[in-house]
Structures are given as structure tokens and as C-alpha cells.
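Thank you all for coming. Please look at the model on the screen for a moment, and then I will walk you through a few of its features.

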Amino acid sequence: MSTKIDLEHKFSKGVASVWKMYSDRAFFERKYQDAGYSNIEVLDFQSSAKGFSITVRYDAGSDAPMPDFARKFIGERINITQTDAWDAASKTGKITTEIKGAPVKVTAEMKLEGDAKSAVNKMKWTLSCGIPLVGGKLEALFGEDIKVKSARDQKASTKILADY
């Protein structure tokens with residue numbers, strides 16, 4: 001079983017500007033800080049003409065109401081390790097997220113589209129949890145959390161994009 005969520009981040013600058021921002025290590029450090037996360041650490045950053053990947057670890061609180069059964073899996077603070085990998089030619093990417101102590105696998109396929117005046121990052125999230133009986137509930141909780149964090153990410157990214 002898995003939960004699917006489609007989200008979009010829309011920008012009022014073109015694809016070239018958004019790509020320049022996305023491929024900048026400093027953008028990720030600033031974005032996570034502006035979004036209110038703590039203990040932000042870039043674990044790996046690789047960039048070439050073919051694309052880039054970045055792995056960042058950070059701590060975040062849950063933005064979805066967590067019932068007691070979920071707290072035993074997750075706790076009050078969530079330690080997240082996220083890798084964003086992008087292909088320069090196709091402007092497609094993938095997010096792979098590890099949530100320490102949580103039995104939920106979270107990934108997203110991304111596609112940056114647009115023109116010289118506007119851009120949109122279309123994200124197709126997939127959440128899966130193999131625990132019988134509560135897996136679907138945990139997926140739904142993490143799905144709500146992703147929606148809130150995505151809106152926060154969009155707000156921080158839009159603000160930062162003014163510098164590109």
C-alpha cells in the first residue's frame with residue numbers, strides 16, 4: 001500500500017532562474033533555515049554540467065497532529081536526511097527522504113517546467129509503510145505533514161528566488 005500526493009511550487013521567475021537557485025548549495029542551507037528547521041548539515045553536494053545532487057540532514061517538528069500511536073514511532077522532533085538529485089538536460093529530479101526511526105519511505109519525482117517568465121516544479125510524492133493495520137494511517141499523517149512542509153518550502157524558496 002502507498003499514498004500518492006501531487007504538489008506544485010509555482011514561481012514568478014523563469015526556469016533558468018529557478019534552476020540556478022536549485023543548483024546552488026547555499027540555497028538549500030538558507031531554505032531549511034528560513035523554513036525553521038534546526039541542526040542543518042549538508043552531507044554531500046555534487047554538481048556538474050549533467051546535473052547535481054545534494055544530501056542534507058536536519059531536524060524538524062511534525063506539522064501534522066500526531067496521535068499517541070504515531071508518537072511511539074516518530075517522537076516530538078523528526079531527524080530527516082533528504083537527497084535531491086536533478087538532471088540538467090531534462091530538468092527532472094528525485095527526492096529521497098529518510099526519517100530516522102519512522103517506518104515510512106518517502107520519495108518524490110519532480111519536473112521543472114515553464115518558460116523565461118515563470119516556472120513550476122511539479123512533484124509526485126509517494127509514501128509507503130509496510131506495518132500492518134497502522135501503515136495507512138502513518139502514511140496519511142506523513143502526507144499531511146509533507147503538505148504543510150511543502151507550503152513552507154514554497155514560501156522560503158519564493159523569497160530566496162528574488163536573489164537569483
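Let me begin with a definition: helices (H or I, at least four residues) and strands (E, at least two) are DSSP runs, numbered from the N terminus. What you see is a predicted model, in which local features need pLDDT of at least 70 and side-chain atom pairs count only at pLDDT 80 or more, whereas totals for chains, interfaces and linings use all residues. Residues are numbered from 1 along each chain as its sequence is written, and side-chain values use heavy atoms, with hydrogens and water left out.

With that in place, serine 53 is found in strand β3, residues 51-61. Is serine 53 buried or exposed? With buried meaning under 20% relative accessible area, exposed over 50%, and partly exposed in between, using a 1.4 Å probe and protein chains only, serine 53 counts as buried at 18% relative accessibility. Contact means heavy atoms within 4.5 Å, and, leaving aside neighbours within four places in sequence, serine 53 is in contact with Asp44, Phe45, Gln46, Asp84 and Ala85.

Next, the nonpolar core, by which I mean a set of buried Ala, Val, Leu, Ile, Met, Phe, Trp, Tyr and Cys residues joined through side-chain atoms within 4.5 Å. The largest one has 42 residues, and Tyr22, Leu112, Trp125 and Leu127 touch the most other members. Helix α4, residues 135-161, gives the largest share of this core, namely six residues. Tyrosine 22, not counting residues up to four places away in sequence, touches Phe11, Phe27, Phe28, Phe52, Trp86, Leu112 and Asn121.

On a 1 Å grid over the protein atoms alone, a cavity is a set of points where a 1.4 Å probe fits but cannot get out, and lining residues have an atom within 4 Å of a point. Grid points are joined across faces, edges and corners, and a volume is the space filled by probe spheres set on the points. By this rule there is one cavity of 30 Å³ or more, and the largest cavity holds about 400 Å³ of space. Its lining has 29 residues, of which Tyr58, Gln82, Ile95, Trp125 and Asp153 lie nearest the centre, and α4 supplies the largest share of that lining, seven residues.

Finally, the backbone: most residues other than glycine have a negative phi. Asparagine 39, although not a glycine, has a positive phi of about 50 degrees; asparagine 39 lies in strand β2, residues 38-48, and is exposed, with a relative accessible area of 57%.

Technical notes. On a 1 Å grid over the protein atoms alone, a cavity is a set of points where a 1.4 Å probe fits but cannot get out, and a pocket is an open set with protein on both sides within 12 Å along at least five of seven lines; lining residues have an atom within 4 Å of a point.
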